[in-house]
Amino acid sequence: MNNSESRTVQRKIHPVLKLIFSIAIPLAVGAVGGYFTATSVNDWFTTLAKPSFNPPGWVFMPVWTTLYILMGIAFFLVWNSEATREKKVPAYKSYWLQLFLNFLWSMIFFYFKQPGMALIDIVFLLIMIGVAIFTFRKISAAAAWLLVPYLCWVAFATALNFEIWRLNS
């Protein structure tokens, strides 16, 4: 094998390992976000005025766990696809950026106790989820659809964040 051929050889990762990694990363992001949430959910957060549509606390863990798993499966479908690098790179970038914004929201809202700054973050998060859906759709319709519940929940969370900020400003 000459030098140019060796550069084009790519190491193949078994699909099961890809799936495990794809699901583990968003779940880990959620776990770290859960740490930031735990820092104030039982004290500072309880003192805030909340809108009537604020769900009970027990709803958040199963909803977010489900959404992180769906996100991971969606990422796996894109990563494991035969799509070209030109299609995958924008999908990867939008996915990782939205995941980073997701992580930041918990830290800003709960750890730093800044609902107004968290509102700015969540608006960008909502936009990036839309971009991720758009870029995933070019590769896999199923991957794009798996992100729709996440988009809907974050839209709801944006309204909730806005109302908490408004009621407590």
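The side chains of Ser94 and Thr135 make a polar contact at 3.0 Å. This is a predicted model. Ser94 is found in helix α4. Is Ser94 buried or exposed? Its relative accessible area is 2%. The cut-off for buried is under 20%, so Ser94 counts as buried. Leaving aside neighbours within four places in sequence, Ser94 is in contact with Met128, Val131, Ala132 and Thr135.

Among the buried residues of α3 are Trp64, Leu67, Tyr68 and Met71. Gly72, Ala74, Phe75, Phe76, Val78 and Trp79 are buried in α3 too. What do the buried residues of α3 pack against? Their partners are α2, α4, α5, α6 (141-146) and α7.

Now the open space. The largest pocket holds about 770 Å³. It is lined by 30 residues, and the closest to its centre are Thr37, Phe60, Trp64, Trp105 and Phe110. Two or more lining residues come from each of α2 (15-38), α3 (60-79), α4 (85-111), α5 (115-137) and α7 (148-167). Which element gives the most to this lining? That is α7, with 7 residues. By class, the lining has 20 nonpolar and 10 polar residues.

Key
Residues are numbered from 1 along each chain as its sequence is written. This is a predicted model: local features need pLDDT of at least 70, side-chain atom pairs count only at pLDDT 80 or more; totals for chains, interfaces and linings use all residues. Side-chain values use heavy atoms; hydrogens and water are left out. On a 1 Å grid over the protein atoms alone, a cavity is a set of points where a 1.4 Å probe fits but cannot get out, and a pocket is an open set with protein on both sides within 12 Å along at least five of seven lines; lining residues have an atom within 4 Å of a point. Grid points are joined across faces, edges and corners, and a volume is the space filled by probe spheres set on the points. Helices (H or I, at least four residues) and strands (E, at least two) are DSSP runs, numbered from the N terminus. Ala, Val, Leu, Ile, Met, Phe, Trp, Tyr, Cys and Pro count as nonpolar, Asp, Glu, Lys and Arg as charged, and the others, Gly among them, as polar. Buried means under 20% relative accessible area, exposed over 50%, partly exposed in between (1.4 Å probe, protein chains only). Contact means heavy atoms within 4.5 Å. A polar contact is a pair of N or O atoms within 3.5 Å; within protein, one must be able to donate a hydrogen and the other to accept it, and residues adjacent in sequence count only if both atoms are side-chain atoms.
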